[in-house]
Amino acid sequence: MNTTPSHDIRGVLIQVAGGRLLLPNATIAEVLSYADPEPVANTPDWLLGRIRWRGWQLPLIAFSRLSGIADERGGLGSKVVVLKALGGDSKAPYFAMLTQGFPRLVTVSPDTVMADAHAEDETLPNGVQARVLLNEDQALLPDLERVETMIGDALREAA
């Protein structure tokens, strides 16, 4: 019987235009089919608008645009991932992110994930805290707190 504590966590790989994001499974509240959001005037192009979800008006972002890695638009086959906000703002406990298809559950352990050594000299894209390899697949670790701050700033400036 193995009595050493397991350091594995459940993660989710999310496909966005131009890359994959690795997130803890616990940050995902729900996956929805894409529907055109309600536009918000005077916001950056990465803030696609707002969607309705369980009585909330959630900002919908295109992470690939925000980070500058690719242009991304919603359409047939796109999904929306509702994420639990980490910032503790009771008025904005969730936000939504455009994805290309369903997220994929993965197990993340010290043996399966490592920093991407090939990317160490590169500047990280906006909203990204690290580039990693998960079982040799490249992925980005988004800086969700930074992304939340950017969303809040963009919505305040638009108001």
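Predicted model: local features only at pLDDT ≥ 70, side-chain atom pairs only at ≥ 80, totals over all residues.

User: Let's start with W53. Why is W53 called buried?

Analyst: Buried means under 20% relative accessible area. W53 has 5%, so W53 counts as buried.

User: And what makes Y94 partly exposed?

Analyst: Partly exposed is the range between the buried cut-off, under 20%, and the exposed one, over 50%. Y94 comes in at 24%, so the label is partly exposed. W56 gets that label too, because its relative accessible area is 33%.

User: What makes R54 exposed, then?

Analyst: The cut-off for exposed is over 50%. R54 has 62% relative accessibility, so R54 counts as exposed. As for its place, R54 sits in the loop between β4 (47–53) and β5. Its phi is near 50 degrees, which is a positive value in a residue other than glycine.

User: How do you know that E136 is exposed?

Analyst: Use the cut-off of over 50% again. With a relative accessibility of 74%, E136 is therefore exposed. You'll find E136 in the loop between β10 (128–134) and β11 (137–142). Phi is positive here in a residue other than glycine, with E136 near 75 degrees. Along the chain, E136 and M114 are 22 residues apart, and their C-alpha atoms are separated by 8.8 Å.

User: Back to the rings. How many aromatic pairs are there?

Analyst: The count comes to two. In the W53 and Y94 pair, the ring centres are 4.8 Å apart and the planes are at 70 degrees.

User: Why is the pair of W53 and Y94 called edge-to-face?

Analyst: Two rings pair if their centres lie within 6.5 Å, and planes over 60 degrees apart count as edge-to-face. W53 and Y94 have centres 4.8 Å apart, so they pair, and their planes at 70 degrees make the pair edge-to-face. W53 lies in strand β4 and Y94 in strand β7, so the pair ties together parts that are 41 residues apart in sequence.

User: What makes W56 and Y94 an aromatic pair?

Analyst: The limit is 6.5 Å between centres, and W56 and Y94 are 6.3 Å apart, centre to centre. Their planes are 65 degrees apart, and the pair is edge-to-face. This pair links distant parts of the chain, with W56 in strand β5 and Y94 in strand β7, 38 residues apart. Ring pairs join W53, W56 and Y94 into a cluster.

User: What about V12: buried or exposed?

Analyst: Buried, since its relative accessible area is 2% and the cut-off is under 20%. V12 lies in strand β1. Leaving aside neighbours within four places in sequence, V12 is in contact with several residues, including L21, L23, I28, P103 and V106. V12 and A115 are 103 residues apart in sequence, and their C-alpha atoms are 17 Å apart in space.

User: Which residues have the most contacts inside the largest nonpolar core?

Analyst: They are I14, W46, L83, F95 and I151, in a core of 24 residues. The elements giving two or more residues to this core are β1 (9–16), β2 (19–24), α1 (63–67), β6 (78–84), β7 and α2. Among these, α2 gives the most, with six residues. There's also a second, separate core of 12 residues, which includes L60, V80, A96 and L98. As for I14, not counting residues up to four places away in sequence, its contacts include G19, L21, V81 and T99.

User: One last topic: how much space lies in the largest pocket?

Analyst: About 370 Å³. Its lining has 21 residues, and the closest to the centre are D89, A92, E148, I151 and G152. β5 (56–61), β7 (94–100) and α2 (144–158) each give two or more residues to the lining. The largest share, eight residues, comes from α2. By class, the lining has 10 nonpolar, four polar and seven charged residues.

Definitions and conventions:
Residues numbered from 1 in each chain as written. Heavy atoms only, no water. 1 Å grid on protein atoms, 1.4 Å probe; cavity = no way out; pocket = protein on both sides within 12 Å on 5 of 7 lines; lining within 4 Å. Points joined across faces, edges and corners; volume = space filled by probe spheres on them. Helix = DSSP H or I, 4+ residues; strand = E, 2+ residues; numbered from the N terminus. Nonpolar A, V, L, I, M, F, W, Y, C, P; charged D, E, K, R; others polar. Core = buried A, V, L, I, M, F, W, Y, C linked by side-chain atoms within 4.5 Å. Buried < 20%, exposed > 50% of the residue type's maximum accessible area, 1.4 Å probe, protein only. Contact = heavy atoms within 4.5 Å. Phe/Tyr/Trp six-rings, centres within 6.5 Å; stacked < 30°, edge-to-face > 60°.
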